[in-house]
Amino acid sequence: MRWPLIYQVTLPLALWTLLTVLALSLVNLWYAKGETEEEVEGRLSTITRQVAEVRFPLSLPVLQQIQGLTGTELAVIDVDGNLLRATTPISDGEIASLKDEGSGDEFDLSQIVQIGGEEYFHSTTRSRFSGTQPVIVHLLYPKMNYDRRVAQSFWPLMLMGLVAVGPMLLVASILAARVTRPIARLQKQVGSIAEGEFVEVPPGKTNDELNDLARAINRMSQQLEAYATQVRTMERAQVLGQIGAGFSHQIRNAMTGGQMALGLHRLDCNIPDCESLEVAQRQMKMVEHMVQSMLRLGRSHQVERVPIDVDELIDSTVAMVAPQASHHALSIEQRVLLRPGAMLSGDFVLLQTCLMNLLLNGIEATLAARAGEGEAVAHDCGMRIEASTHADGKSITIRVCDKGMGPSSEIAEQLFEPLITTKPEGTGLGLPVVREIVELHGGTIQWYRVDDQTCFEITLPIAESE
């Protein structure tokens, strides 16, 4: 059975309040009862002594005056049991009961008689007046007056407590709601997180434990979102590795066949120095290396390091891409500003694959920008690849810039993750391969926009021999 928190707060509090009020009322009743008994006994004991010592006739007017001052009914009976006078009507049968009950001179609340349908505390005393024979005076104090005074000490306090329970419950409900509403909001947030929607809620205005809990849940949401992103990346890399393993054999066989066909064509046509065939063979080798590079995603590999001349690396890469750039009337500017002898250490073909990928992406981005802005800007469309010594003197920075529109905001934060792309025919594999190659060489890669250009900047350590 579900037991809402608001009931767990308000109902025990209400029950405790009621029990407290009842206990206080009972204590006050017990205290008031004792005080009332002492007061009534003391007052009427005094009346009893005064009546016993009176030296004037106890006529009816005197009895009525005493009754008016003390609230006590009086009845005078002679020694033979005859009623002489009384302040209240008393029947013969009731006189007989008074004779049976009258046994002491002290007022005792334990003696109760019923006269005229009402209960009285009863006490008797003997009195002489004007030298006549003694008479018995019966004192009758209405029990109703006693009960009224005792009840007045119990019910007002009890009713005040009962009335106070209502506002107390209202206040308790408001306070409980101030706790349960944030808890319900946090419960909804946790439910969304459990469903994979990593939402965050703004912290509350009060600096309390619930606010701390909200901040902790927000931190948990951020961490889970980061973990989920890492898991998705690993899953993509794993899927990519599985797909690559399935197709690598067929692609490698096809590329080998193509290279053999080009070699036979060279021999049959007797054109050993044909530049077109050289470019075609280099392109086919590059494709083979790119396929092998893609298989590196999500796997741990060691790079076979050899000294690499940066000028040669950039020249050979531009030569591979130049035919495609020329076909679209694009220029590629080269700029190498390195100190003499500065070289890289790594796999030449892998780094060539890396730069070639960036240049090909730049060509596609520039063509897309040209198509969007018109032929009027065609003369200004070009690319730039440059290398310079990093400010720390221990690294070389290679920068590839194009005049495209740059990555869209949808994928800007996930640009280097596998299978992330907005190109209609894109695979989302190029930049992840680039990052993998750069990191395998101990370097870093970043991108930025400057002067309406998109630049990818690779930083690689200079060879240790230098």
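This is a predicted model: local features need pLDDT of at least 70, side-chain atom pairs count only at pLDDT 80 or more; totals for chains, interfaces and linings use all residues.
Residues are numbered from 1 along each chain as its sequence is written, and side-chain values use heavy atoms, leaving out hydrogens and water.

First, the overall picture. The protein has ten helices and twelve strands (DSSP runs numbered from the N terminus: H or I of at least four residues for helices, E of at least two for strands). Of its 466 residues, 38% are buried.

Now look at α5, which covers residues 155–194. This helix has 40 residues and reaches 56 Å from first C-alpha to last, close to the expected 58 Å (1.5 Å times one less than the number of residues). Its buried residues include Met158, Gly161, Val165, Met168 and Ala172. An α-helix has 3.6 residues a turn, so residues three or four places apart point the same way. After α5 comes Gly196, with a positive phi near 95°.

Together with Leu18, Leu159 and Leu162, Trp155 forms a nonpolar patch on the surface, with about 380 Å² of accessible area in total. Such a patch joins nonpolar side chains (Val, Leu, Ile, Met, Phe, Trp, Tyr) within 5 Å, from residues with over 30% relative accessible area and no salt bridge (a Lys or Arg side-chain nitrogen within 4 Å of an Asp or Glu carboxyl oxygen); the areas come from the Shrake-Rupley method with a 1.4 Å probe, and for residues only the protein chains shown count as cover. Helix α5 gives the largest share of the patch, three residues.

Terms used:
Buried means under 20% relative accessible area, exposed over 50%, partly exposed in between (1.4 Å probe, protein chains only). Patches are made of residues with over 30% relative accessible area and no salt bridge: like charges are joined within 9 Å, nonpolar side chains (Val, Leu, Ile, Met, Phe, Trp, Tyr) within 5 Å.
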